[in-house]
Amino acid sequence: MKCYGNGLSRRGVLRVGFLGGLGLSLADMLRFEALAEQKHYESKEGTAKSVIFLFLPGGMAHQESFDPKPYAPVEYRGPMNSIETKVAGVRVNELWKQTATVADKLAICRSMTHGEAAHERGTHNMFTGYRPSPALSYPSMGSVVSHEFGPRHDLPPYVCVPNQPNEFAGTGYLSSSYAGFSLGADPAAADFRVRDLNLPGGVDGNRFTSRRDLLDVVNSGFRQQQASDSLDAVDTFYQRAYAMINSDKAREAFDINKEDDKVRDEYGRNDAGSRLLLCRRLVESGVRFVTTTYGGWDMHDNILGGIQGQVPKLDQAYATLIRDLDQRGLLDSTMVVLASEFGRTPKINATAGRDHWPKVFSVVMAGGGIRPGIVYGSSDATASEPNENPLDVADWATTIYHCMGINADKELMAPGDRPIEIVDGGTVRKDLIA
């Protein structure tokens, strides 16, 4: 008989309820039965100890990034050229010059696909691994990682740089205690300072400790009378805040000014460079999942100008991040995921841009157990639809979870005692695994 993670079998629960004479209510009985049926797998750290999720909002054109079509008719090919990379036979858009030099560290996935052409719905897919549903709000990958592993080295398990980028990067049906820690400021700003990370003026360590002890007394008395998820979440936030404020190492992880000037210049002293450099500092210090964003990629008009405005800073910062992680010995344990909510239409439109296109687009993965120096899947000759190895969202998310040591078939408990799989029906794409 199968025994679940809580040590009870379904038959055992029923026996306790009906034969043990415990007087369980129907609601109690259903709750216990749901727990007994819940699929449970213990999460253990995998090859990816941390993930940096770099999201490009708006829908990055795969044709002007990682899936150029140099031999397609000009109305499909677009206004730009492509260049060779460090991997023989693999080409990228001409502006991704530095990224081309680290292509041997990347897995370029050219067959990503889903059916959601609206920004919000496509973004939901890429942050949660689920299609949107009116019946349930799903947790983001970062919140699931926070739920499964918790903090490390007094640092939040999930951090958003500079802020939570959208509602789908949140906790969904999980407790709000698994939310990402938002910096509240952009690391590119000259006066960058993480909010609430330092003691306010006039409050020294002893005074801070006294205030904490007093708050603990108040909370203890209040909790005897009240019980709710919101209280648990607030208590968790307080405990983590105390740990961060008291930890020199935790505070230092967020201090980008501690970084060597040469390294800052290599990343670029701009929004792309500063954000990705801070991401590296955070995973190096112990943060498990960092989400950051860069730019705006909704290029319905003048895609040439849009790409020229967005790519150079990102190309520099992204390639430097990959090299930096590799040189520090962190790339094997840190997965870097570059993604957007969908791609762009195969044909250039009447205003010299491209419109929304979810049928096929590109994502790039590196490190953390991902096979390096490969192109996974392909699109057809005009970048209109997948040609080989279509990669759907469920399989993509399941593969990321697998590398982190999380079985995506595990069920978490949603409101109403509903067990819900972390990802529904996904399989690990073993060809993407090193």
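Of the 434 residues of the protein, 53% count as buried. The model is a predicted one, with an average pLDDT of 88. The protein contains 13 helices and 17 strands.

**Confidence**
- A pLDDT of at least 70 is reached by 80% of the residues.
- Over residues 1-21 the pLDDT stays under 50, and for this segment the model has 31 contacts beyond four places in sequence.

**Surface and contacts**
- The protein exposes about 18900 Å², of which carbon and sulfur atoms supply 49%.
- When contacts between residues at least 6 apart in sequence are considered, 72% join residues at least 24 apart.

**Nonpolar cores**
- The largest nonpolar core comprises 58 residues, and Leu282, Trp297 and Tyr318 have the most contacts inside it.
- Helix H12 (residues 303-327) contributes the largest share of this core, with ten residues.
- Leaving aside residues up to four places away in sequence, Tyr318 touches Leu54, Thr99, Leu106, Leu276, Val336, Leu338 and Val364.
- Another core, of 50 residues, lies apart from the largest one; among its members are Leu136, Val145, Met365 and Ile374.

**Cysteines**
- A search of the whole structure finds zero disulfides.
- Cys109 counts as buried because its relative accessibility is 0%, below the 20% cut-off for that class.
- Cys160 likewise counts as buried, because its relative accessibility is 0%.

Methods:
Residues numbered from 1 in each chain as written. Predicted model: local features only at pLDDT ≥ 70, side-chain atom pairs only at ≥ 80, totals over all residues. Heavy atoms only, no water. Helix = DSSP H or I, 4+ residues; strand = E, 2+ residues; numbered from the N terminus. Buried < 20%, exposed > 50% of the residue type's maximum accessible area, 1.4 Å probe, protein only. Contact = heavy atoms within 4.5 Å. Areas by Shrake-Rupley, 256 points an atom, 1.4 Å probe, with all protein chains shown as cover. pLDDT = per-residue confidence, 0-100. Disulfide = S-S within 2.5 Å. Core = buried A, V, L, I, M, F, W, Y, C linked by side-chain atoms within 4.5 Å.
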